Amino acid sequence: MTGNADESASSATVEDRREEWAGPVPVPSGANTEFWAATLEGDLLYQHCEECGTAQLYPRAVCTGCDAVDPPFEPSEGRGTVYTYTVCHVPGEPGFGDRTPYVVAAVDLAEGPRLLALVDCAPDAIEIGDSLEVRFWQVSDEAALPVFVPA
Amino acid sequence: MAEPIVAGVAESDLGATPDRNWLDNAGIATVRALEDAELTLADVDGVAVAGGDDYMPALVLAEYLDLEEPSLLEGTEIGGSSFENFCGHVGDAMARGRADVVVIAYGSTRKTGPGRDRSLEVTHPTDGFVRPTGLFRPPGAYAMAARRHMHEYGTTEEQLAEIAVSTREWASMNPKAAQRDPITVADVLESRRIAEPFNLLDCCLVSDGGGAVVLVSEEKARELGVPEIAVAGVASTSTHRQDISEMPDMTTTGAAVTGPKAFDEAGISHDDVDIAQLYDSFTYTALVTLEDLGFCEKGEGGEFVTGGTTAPGGELPMNTQGGGLSYCHPGHFGVFVLIEATRQLRGDYTGDRQVGGAEVAVAHGTGGVLSSSSTVVLRREDA
Ligand SMILES: [Zn+2]
C-alpha cells in the first residue's frame, strides 16, 4: 500500500520519444489496457487485491492469490530496488543496436511486484540492491515505457 | 508399472545444413533412430514433436513421414525440456496399451534457416512487458539469474567458466562436436561479452540439426532383443514463461521439484547416478541444475564444478558428448541429452569417451528462460 490514492501526486516525468524509438512497442489489450493508459500520465499502476491483499504485475484479469476477477489498480510510488540485472552487449530487439551496452534489470517495486525494465544508467553504475525510481518514455500514442534511473 | 524402453537413438546431420529444412532434419533423425532400433516407419504408432518452426508439429511430421493411422500424436511445447516431458506421456500411453513404438523427434535450421528477424508488432498480451526492454533473450535472461546466484552465493565467473572447460574436454573426443579445441578458464573470461556476466563461451552454440529417440513397450523390446534402457522415472514442471522477472527465485529452478520426483519414481539416489546429461544452454544452466537435482548443496555448484568434477575422469561425468556448449544446439537441446544418455548406458563408445560400467543416467531438460524443467532417469535393466 502506498497510502497515497492521489494519482497525480505520484506522477513521474513522461518524455516523448515517439520520433526516435525504433524498438518494440506495447499493444494494450484486455487487463493491461488500464496500465498502459496510465503510463501516458506518468503513473505506474499495479494491481492490489481488495479481497486478499495480493499485489501483482503484469496486470491480469484474475487475482493469483484468491481467484478474484479484475483486482483493482493502485498507483505505485514508482520506487524499487534491483533484484538482479544484466548488461546487454548484443541488442536483443530491433531498434536497440545503437544502444549497446545497456542495462536491463528485474526491479522489485516497493509495493511488492517485480518488473522487468530498462535502466537508464551507465553499465558500471548499477549493483544488486540499488534504489531506483521510475521515469517514462512515451514510445507510441498508446503507451509509455517504465524506465528506471538510480534514485 | 511398465516402463518404456529406448530402442533407438540418432541425430540428423548437425552443424550447418543449408540444404535441409526442419522437417528434413526431424525426418532423417527419425529414420536413423528407427534403423538403430531395427525398425521402420511402418512400425511407428505415433510421434511426439516439439520445436520445429511450425504450427501443429506432430501433425506436420506425421504427414511428412506418411504415417498410417498414428494412435499417439504429441506436441506439447514446453521448450527444450519437451522431449523429457514426452517420455512420461509416451509411457502413460504405452501403459494403457495405446502404442508400442513412438518416435520423439526434433528438427531445426536455427543456424542457416529462414531469417530470425522478428516483427516489430507485439501482439502477445504480455510481450509488452518484456520485449520493449530490449533484453537479449535467452542469454540476457539466464545472465540475470546467474548474476543473482553470484550475489547470493559468491559464485564467480571463473566457476561458471569451469563448466565450459570441462564440457569442451568431452567435446574434444566427439567427432560430431562443432567445437573440439581445448579451452581454458581464461579463454572463457576473455571471450566476447554477450550479456553480463556471460561471455561468448558461456553460451551455447547455434546449430542446425535434429534428433530422435524411439521408445517401445517392454514386450516390443523383448521381441526386438535391444538392450533394455528403461525410462525409470520422469517428472516435469514450470515456474514461469517468457518473462524472467516472473521467476519466483532466480537461484532455484523447477529441477528442485522434478529431480526428487523422478529419482523417487526410479527408486534411485544420487550415489546410483553414473552419468548426468544436463541441459547446458549456458554455463549457469548446468550449474544451477546440478544444485537443484541435489548433486551438491544449494550455492555450492561453483565449488562442485571446479577442478574437473564433471570432466572426463571426474566423479560425475556430465554432458559427455560436449553439450550444447560445444557439440550442437539447434534450439531445443532436450532430445540430445536423451540420445547421449542412451549411448553411454549401452556402452556404444570406446576409450575415455565411454563412462565405464554406466547403469544409471540422469537426462534433464530446461525450456524457455529457465521456465520449464523435466527430469528423466534412464536405467540399463540387464546390467
Ligand atoms: Zn486476491
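Tutor: Helices (H or I, at least four residues) and strands (E, at least two) are DSSP runs, numbered from the N terminus. The model is predicted, so local features need pLDDT of at least 70 and side-chain atom pairs pLDDT 80 or more, while totals for chains, interfaces and linings use all residues, and side-chain values use heavy atoms, without hydrogens or water. Residues are numbered from 1 along each chain, with chains lettered from A and ligands numbered from 1 in the order written.

On the helix 4 side of chain B, the contact (heavy atoms within 4.5 Å) is made by Tyr142(B), Ala145(B), Ala146(B) and His149(B), and on the helix 9 side by Tyr284(B), Thr285(B), Leu287(B) and Glu291(B).

Helix 5 of chain B, residues 157–171, also packs on helix 9 of chain B, with the axes coming within 9 Å and crossing at roughly 100 degrees. That angle makes helix 5 of chain B roughly perpendicular to helix 9 of chain B. Here Leu160(B), Ile163(B) and Ala164(B) from helix 5 of chain B meet Thr283(B), Tyr284(B), Ala286(B) and Leu287(B) from helix 9 of chain B, and Tyr284(B) and Leu287(B) also take part in the contact with helix 4 of chain B.

Elsewhere in chain B, helix 1 (residues 22–36) and helix 2 (residues 57–64) pack at an angle of about 65 degrees, their axes being 10 Å apart, and helix 1 and helix 2 of chain B are therefore roughly perpendicular. Helix 1 of chain B brings Trp22(B), Leu23(B), Asp24(B), Ala26(B), Gly27(B) and Thr30(B) to that contact, and helix 2 of chain B brings Pro57(B), Val60(B), Leu61(B) and Tyr64(B).

Chain A has a cis peptide bond between Leu57(A) and Tyr58(A), where omega is about -10 degrees, and Tyr58(A) lies in the loop that runs between strand 3 (55–56) and strand 4 (73–75) of chain A. That loop between strand 3 and strand 4 of chain A also holds Asp70(A), a residue other than glycine whose phi is positive, near 55 degrees.

Between the chains, 34 residues of chain B and 39 residues of chain A take part in the contact, and about 3,100 Å² is buried, 61% of it on carbon and sulfur atoms (buried area is the accessible area, 1.4 Å probe, lost by two parts on being put together, summed over both). Phe129(B), Pro132(B) and Met144(B) supply 21% of the area that chain B buries against chain A, more than any other three residues. Three salt bridges are counted between chain B and chain A (a side-chain nitrogen of Lys or Arg within 4 Å of a carboxyl oxygen of Asp or Glu), and Glu93(A) forms a salt bridge with Arg137(B), the closest N and O atoms being 3.9 Å apart.

Methods: Axes are lines fitted to C-alpha atoms, for helices over the stretch in contact, and angles run from 0 to 180 degrees between N-to-C directions. Angles under 35 degrees count as roughly parallel, over 145 as roughly antiparallel, 65 to 115 as roughly perpendicular and the rest as oblique.
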